[in-house]
Amino acid sequence: MQILKDGPEIPEELLRAHEDGDVVFFAGAGVSKPAGIPGFKGVVDQLYAQLLVEPTREQKRAIKEHRYDVAINLLERWLPNGAEQVFDALMAQMASGAPTGDAIATHKALLTLGRNRSGQTQLITTNFDRLFEAAIDDCSIAIQTYTAPLLPIPKNTLDGLVYLHGLLPEMGGSGRPQGLVLTSGDF
């Protein structure tokens with residue numbers, strides 16, 4: 001079945017499984033790009049630029065090998081008060097003001113798509129930005145959210161939005177939240 005003109009062909013079995021509550025939607029960094037939030041490589045590049053740090057050979061190798069969590073961990077360990085400096089720089093990156101409707105349109109669509117006919121939301125994201133929160137507020141809908149390390153028990157049916165890598169605090173919030181997975185050291 002094709003929902004959108006020139007869109008992908010979606011198998012009937014997948015649509016039925018979604019209606020039956022047997023599909024969990026998974027959202028990665030790409031959904032936040034319309035809001036100007038880069039993918040993980042972009043975050044790493046911006047962190048090094050903001051902190052005026054030229055990557056060491058070991059850090060460059062981690063970046064080249066797409067091990068961005070390792071590159072950030074190495075950066076935190078290399079800088080004095082590194083974890084605090086990196087977190088502050090990350091928060092500055094994410095402080096782009098209130099997202100517009102266009103910037104969170106994909107988030108809103110995923111919140112709608114992630115809800116099955118029983119009304120359960122089955123959505124997991126690796127994003128730690130607050131754009132899903134903005135979409136929830138903008139739509140005035142009630143959705144249970146789970147933020148690492150407090151995740152739902154897997155054997156139960158998921159009903160909510162899961163922030164697998166944690167969630168950044170609201171602007172003006174203090175300190176790095178428990179459960180935020182940004183570096184290899186956070187695992």
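**Figure 1. One aromatic pair is present in the structure.** The rings of Phe40 and Tyr68 have centres 5.9 Å apart and planes at 70°, so the pair is edge-to-face. Rings of Phe, Tyr and Trp (its six-membered ring) are paired when their centres lie within 6.5 Å; planes under 30 degrees apart count as stacked, over 60 as edge-to-face and the rest as tilted. The pair links distant parts of the chain, 28 residues apart: Phe40 belongs to helix H2 (residues 40-50) and Tyr68 to helix H4 (residues 68-78). Phe40 is partly exposed, at 31% relative accessibility, whereas Tyr68 is buried, at 10%. Here buried means under 20% relative accessible area, exposed over 50%, and partly exposed in between (1.4 Å probe, protein chains only). The model shown is predicted: local features need pLDDT of at least 70, side-chain atom pairs count only at pLDDT 80 or more, and totals for chains, interfaces and linings use all residues. Residues are numbered from 1 along each chain as its sequence is written, and side-chain values use heavy atoms, with hydrogens and water left out.

**Figure 2. The chain contains seven helices and four strands.** Helices (H or I, at least four residues) and strands (E, at least two) are DSSP runs, numbered from the N terminus. Along the sequence they follow the pattern α-β-α-α-α-α-α-β-α-β-β. The C-alpha trace of the chain spans about 55 × 35 × 35 Å along its principal axes. Of the 187 residues of the chain, 40% count as buried.

**Figure 3. Four strands form an open sheet with parallel pairing, in the order S1-S2-S4-S3.** The edge strands are S1 and strand S3 (145-147), each of which pairs on one side only. From one strand to the next, the twist averages 20°. For such angles, axes are lines fitted to C-alpha atoms, for helices over the stretch in contact, and angles run from 0 to 180 degrees between N-to-C directions. Two strands are taken to pair if DSSP finds at least two bridges between them. Strand S1 (residues 25-27) pairs with S2 in the parallel sense over three bridges. S2 is joined to strand S4 (residues 160-163) by four bridges, and these strands run parallel. S3 and S4 also run parallel, joined by three bridges.

**Figure 4. Strand S2 (residues 122-125) has buried residues pointing both ways.** In a regular strand the side chains alternate between the two faces of the sheet. Gln122 and Ile124 point one way from S2, Leu123 and Thr125 point the other way, and all are buried. Thr125 in S2 stands opposite Ala27. Thr125 also stands opposite Tyr163 in S4.

Figure 5. Gly160 is buried, with a relative accessible area of 0%. Between Gly160 and Cys139 there are 21 residues in sequence and 15 Å in space, C-alpha to C-alpha.

**Figure 6. Phe26, Leu151 and Leu164 make a nonpolar surface patch of about 270 Å².** Phe26 is placed in strand S1 and is exposed, with a relative accessible area of 54%. Patches are made of residues with over 30% relative accessible area and no salt bridge; like charges are joined within 9 Å, and nonpolar side chains (Val, Leu, Ile, Met, Phe, Trp, Tyr) within 5 Å. A salt bridge is a side-chain nitrogen of Lys or Arg within 4 Å of a carboxyl oxygen of Asp or Glu. Accessible areas come from the Shrake-Rupley method with a 1.4 Å probe, and for residues only the protein chains shown count as cover.

**Figure 7. The backbone has a cis peptide bond from Ala148 to Pro149 and a positive phi at His66 and at Ser140.** Most residues other than glycine have a negative phi, and most peptide bonds are trans. The bond from Ala148 to Pro149 has omega near 10°, and Pro149 lies in the loop between S3 and S4. His66, which is not a glycine, has a phi of about 60°. His66 is found in the loop between helix H3 (57-64) and H4 and is exposed, with a relative accessible area of 58%. Ser140, also not a glycine, has a phi of about 50°. Ser140 is placed in the loop between helix H7 (131-139) and S3 and counts as exposed at 66% relative accessibility.
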